[in-house]
Amino acid sequence: MPDATAALALPFEADDILARLMRWAACESPTFDASAVNRMMDLASRDLALLGARIDRIPGRMGLGDCVRARFPHPAGDGAPGILVMAHLDTVHPIGTLEKLPIRREGNRCYGPGILDMKGGTVLAVEAMRQIIAAKIATPLPITILLTSDEEIGSPSTRDLIEAEAARHKFVLVPEPARADGGVVTGRYAIARFNLKTTGRPSHAGARLAEGRSSIKEMCRQILAIEDMTTEDCTFSVGVLHGGQWVNCVTTTTEAEALSMAKRQEDLDAGVEKMLALRSSTNDVQLEVTRGVTRPVWEPDAKVMALYRHAREIAQAIGFDINHQSSGGGSDGNFTGALGITTLDGLGVQGAMAHTLEEHVLIDSLVPRAKLMAGLLTTLA
């Protein structure tokens with residue numbers, strides 16, 4: 001591998017990185033608001049175009065936002081297998097979250113919606129390319145950045161794009177947040193999502209309660225049964241529940257979303273069978289269970305571990321160390337890793353409380369993590 005010395009000497013400044021990150025975090029981009037996600041894609045596209053990247057805008061589908069592919073010029077051309085930096089710009093935070101989670105710097109922390117998951121890591125990749133280009137360092141491999149729009153809901157509209165683009169590359173780097181100890185991710189658990197619907201019989205809840213059959217009551221029974229199926233091998237949880245409109249009406253339909261996660265694919269497959277085998281506890285209420293998005297298990301192979309060791313050597317040269325782990329909580333790395341494409345995940349910033357109103361990054365992690373990304377981009381061959 002080429003020497004990382006030049007990349008590690010690049011003059012990154014935490015305040016410069018933070019300025020771009022705060023600007024990106026101020027552009028709210030919840031997954032289900034395609035217009036908002038597209039505004040974020042506009043902002044990122046302009047920043048990448050100013051660095052000299054060729055921007056391809058890929059229209060969204062299924063009512064979701066667009067994607068952006070940024071290719072940087074390279075003597076080998078577009079056809080040569082290179083490095084794909086794969087990131088998402090959608091967040092779980094709805095429009096208006098900035099009122100409850102304003103972007104602010106407090107000591108070593110900077111708060112904001114999506115600032116950790118995962119605009120922080122994406123900004124690191126952009127800043128790494130900015131410094132590499134400014135220093136006129138030639139990367140051994142072509143660099144492409146792919147920004148997607150629906151990772152937070154399992155990537156239902158972009159999985160085909162992710163897999164097709166990754167297949168053209170030798171390495172995939174995923175700047176999802178670093179682990180709590182600053183480590184990286186070399187594998188991820190398998191995840192399946194499910195949609196549940198109960199259908200009962202309406203009646204007036206005050207005058208004719210006994211004539212009704214509550215879909216809410218049956219769904220509550222099912223939720224307890226689902227979560228009680230959790231074992232060490234496979235977990236089950238229900239995170240979304242919708243039912244009813246009027247308190248004086250026995251509810252006809254109730255809908256819920258469930259998630260199952262397992263370290264091994266066979267355990268998830270068994271969990272899927274259990275979910276699809278669920279039946280209503282009463283003949284008077286119907287239950288439908290349909291399978292949603294699935295993320296396959298990604299288990300590290302020898303090439304992934306070699307990539308991790310290379311990243312660790314770079315980190316140690318910078319002055320810190322990185323452990324590795326397989327992780328719960330899916331990412332688009334599940335897809336590329338499961339395809340056998342050499343993938344390293346968790347390369348983003350350090351921080352905590354993702355998906356909450358306390359989401360923040362650690363400012364002192366910005367420069368070291370940017371140098372790690374730059375070191376990988378300039379040495380992988």
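## Strand pairing

Strand S8 and strand S13 (residues 324-327) pair in the parallel sense over 4 bridges; two strands are taken to pair if DSSP finds at least two bridges between them. Within this pairing, Ser327 of S13 is the bridge partner of Arg188. Strands (E, at least two residues) and helices (H or I, at least four) are DSSP runs, numbered from the N terminus.

Buried denotes under 20% relative accessible area, exposed over 50%, and partly exposed the range in between, with a 1.4 Å probe and protein chains only.

## Basis of the model

The model is predicted: local features need pLDDT of at least 70, side-chain atom pairs count only at pLDDT 80 or more, and totals for chains, interfaces and linings use all residues. Residues are numbered from 1 along each chain as its sequence is written, and side-chain values use heavy atoms, with hydrogens and water left out.

## Nonpolar cores

A nonpolar core is a set of buried Ala, Val, Leu, Ile, Met, Phe, Trp, Tyr and Cys residues joined through side-chain atoms within 4.5 Å. The largest such core has 65 residues, of which Leu147, Leu173, Leu376 and Leu377 touch the most other members. Helix H5 (residues 115-134) supplies the largest share of this core, 10 residues. A second, separate core of 21 residues includes Ala192, Phe194, Ile223 and Leu278.

Residues up to four places away in sequence aside, Leu377 touches Ile83, Val85, Ala128, Met129, Ile132, Thr139, Pro140, Ile143 and Leu173. Contact here means heavy atoms within 4.5 Å.

## Surroundings of Thr294

Thr294 belongs to strand S12 (residues 286-295) and, at 15% relative accessibility, counts as buried. Apart from neighbours within four places in sequence, Thr294 is in contact with Arg159, Ile191, Ala192, Leu268 and Phe335.

The side chains of Thr294 and Arg291 are joined by a polar contact of 3.1 Å. Such a contact is a pair of N or O atoms within 3.5 Å; within protein, one must be able to donate a hydrogen and the other to accept it, and residues adjacent in sequence count only if both atoms are side-chain atoms.

## Cysteines

With a disulfide defined as a pair of cysteine sulfur atoms within 2.5 Å, the count comes to 0 disulfides. Cys220 is in no disulfide, the nearest cysteine sulfur, that of Cys249, being 18 Å away. Cys220 is partly exposed, with a relative accessible area of 37%, and Cys249 also counts as partly exposed, at 36% relative accessibility.
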